[in-house]
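Hi,

Here's the structure I said I'd pass along.

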Amino acid sequence: MHYVILGNGVAGMEAALALRARDDGARITLVSAEHDHFFSRPALMYVFAGQTSLRDTEPYDRGLYERLRFERVSGRVASLEAAGHALLFEDGSRLAYERLLLAVGSQARPAPWPGAEGPGLQYFVTLRDLEALDREAKKGMKAAVLGGGLIGVEVAEVLHDRGLHVTFVIREGWYFPVALDRNEATLVAEHLRARGLDVRLGASVDAIVRGGDGRVRAVRLAGGAEVAADLVVSTIGVVPNTAFLAGSGLKLAASGAIETDEALRTSALDVWAAGDCANVTWFDGSRRPEQLWYTARDQGRLAAWSMLGDEVVYRRGTWYNSAKFFDLEYTTAGYVPVSIDADGNPIVPPPDLRTWFQREPGRFESQRIVVKGDRVVGFNMLGSRWNHEPLLAWIHERRPLEWVLEHLGEAQFDEELSPRFRVLAREEAVS
């Protein structure tokens with residue numbers, strides 16, 4: 001059996017490892033145009049900042065391919081010939097497969113504003129994006145980061161660290177509304193401003209303004225105000241990296257994501273999809289990609305088992321994630337209602353939810369616990385480090401709020417280095 005995996009990120013690599021663990025005699029080929037080795041994409045910001053090397057972000061030693069007899073093909077795929085079971089490359093070559101996994105990930109959503117095309121506008125999703133931004137970003141420049149998600153705050157941090165003057169332009173009325181409520185977003189915005197960022201909330205971009213030499217001069221906001229900038233980084237999200245599949249016959253969602261069934265099979269015979277490019281069913285019945293490292297890992301493994309003939313069903317477990325806003329820790333677990341969805345549409349939370357919230361006075365630290373009926377269903381924690389495993393366990397055990405508050409300190413990291421959790425008296429808590 002010849003298995004071909006297009007993409008050597010976490011989904012592709014986990015699939016390759018799972019296939020080899022079960023089929024020692026199979027031919028397994030990994031195809032990538034980005035890098036010869038699997039690297040940790042979330043660590044790219046630290047590569048840009050000079051805190052680590054790209055090679056140090058590679059989880060496996062470079063002898064892995066040879067030991068596990070993985071074949072490597074470096075090249076950009078131009079199209080999929082599903083009926084002929086082959087990938088066609090831009091150089092005209094062809095690679096046949098018996099079973100194919102598409103693990104092609106995402107790319108930056110193209111900047112939609114007039115004046116966006118041209119030098120001085122960058123992205124920060126792929127390794128090529130990092131290299132281009134690294135060449136252009138120079139100390140003392142004025143940079144505008146457009147878009148208020150996790151990629152945006154990462155870019156703002158590394159540019160600020162390099163010595164650029166950063167303006168963080170966010171369309172919504174508060175930062176990261178797909179994950180944070182107004183109280184939490186206010187805390188984060190205060191923290192970013194304290195670190196020296198110019199944070200503009202509720203600021204919609206009208207155009208990228210260029211000078212006579214074609215270089216970026218400013219960002220024009222709705223209403224006519226301009227933000228001076230020598231460099232613009234667009235961080236308004238990602239889209240599935242699937243343009244090459246046009247005309248392949250594969251069924252794609254309107255977003256470009258590859259439609260899959262519960263075993264991650266696509267509409268084409270002997271073709272599967274996993275990771276950021278795969279459209280899957282969420283807990284609420286909606287269908288969209290899951291753009292998380294750990295879900296890509298899990299999907300890669302399950303897709304491999306499906307390719308091996310196992311009867312499998314992909315169901316993501318309870319949601320969890322962690323991140324940093326500069327040095328401000330963020331941990332989320334379970335169901336935490338938000339104000340808008342990924343497309344900016346407002347969301348009205350169910351009427352049977354209530355929220356317990358407190359903010360530590362004088363510190364950039366807060367806890368939000370979501371309760372449905374008599375049990376805790378979600379956590380949003382800012383400013384200190386939390387272990388998501390006990391948080392998830394308490395959700396699954398259907399623990400009540402009073403019990404969780406009594407035991408919450410048990411989920412806290414840095415026991416000797418940070419203040420311990422306590423329930424504040426109402427007159428102490430900052431709302």
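This is a predicted model: local features need pLDDT of at least 70, side-chain atom pairs count only at pLDDT 80 or more; totals for chains, interfaces and linings use all residues.

Residues are numbered from 1 along each chain as its sequence is written, and side-chain values use heavy atoms, with hydrogens and water left out.

**Helix 7**

Helices (H or I, at least four residues) and strands (E, at least two) are DSSP runs, numbered from the N terminus. Helix 7 covers residues 293–307, and its 15 residues reach 21 Å from first C-alpha to last. That is close to the 21 Å expected at 1.5 Å a residue, the expected span being 1.5 Å times one less than the number of residues.

Helix 7 is largely enclosed by the rest of the structure, because 11 of its 15 residues are buried. Buried means under 20% relative accessible area, exposed over 50%, and partly exposed in between (1.4 Å probe, protein chains only). Among the buried ones are Tyr-294, Arg-297, Gln-299 and Leu-302. The buried residues pack against several elements, including helix 1 (10–22), strand 1 (2–6) and strand 22 (320–325); contact here means heavy atoms within 4.5 Å.

The axes of helix 1 and helix 7 come within 7 Å and cross at roughly 35° (axes are lines fitted to C-alpha atoms, for helices over the stretch in contact, with angles from 0 to 180 degrees between N-to-C directions). On the helix 1 side, the residues in contact include Val-10, Glu-14 and Leu-19, while helix 7 brings Trp-293, Gly-300 and Trp-305, among others. By type, the contact residues split into 10 nonpolar, one polar and four charged (Ala, Val, Leu, Ile, Met, Phe, Trp, Tyr, Cys and Pro count as nonpolar, Asp, Glu, Lys and Arg as charged, and the others, Gly among them, as polar).

Just after helix 7, Gly-309 has a positive phi of about 105°.

**Glu-184**

Glu-184 sits in helix 6 (residues 182–194) and counts as buried, at 0% relative accessibility. Its side chain makes a polar contact with that of Asn-380 at 3.3 Å. A polar contact is a pair of N or O atoms within 3.5 Å; within protein, one must be able to donate a hydrogen and the other to accept it, and residues adjacent in sequence count only if both atoms are side-chain atoms.

**Lys-138**

Lys-138 is in the loop between helix 4 (127–136) and strand 10 (142–146), and is partly exposed at 44% relative accessibility. Its side chain reaches the backbone oxygen of Arg-135 at 2.2 Å.

Cheers
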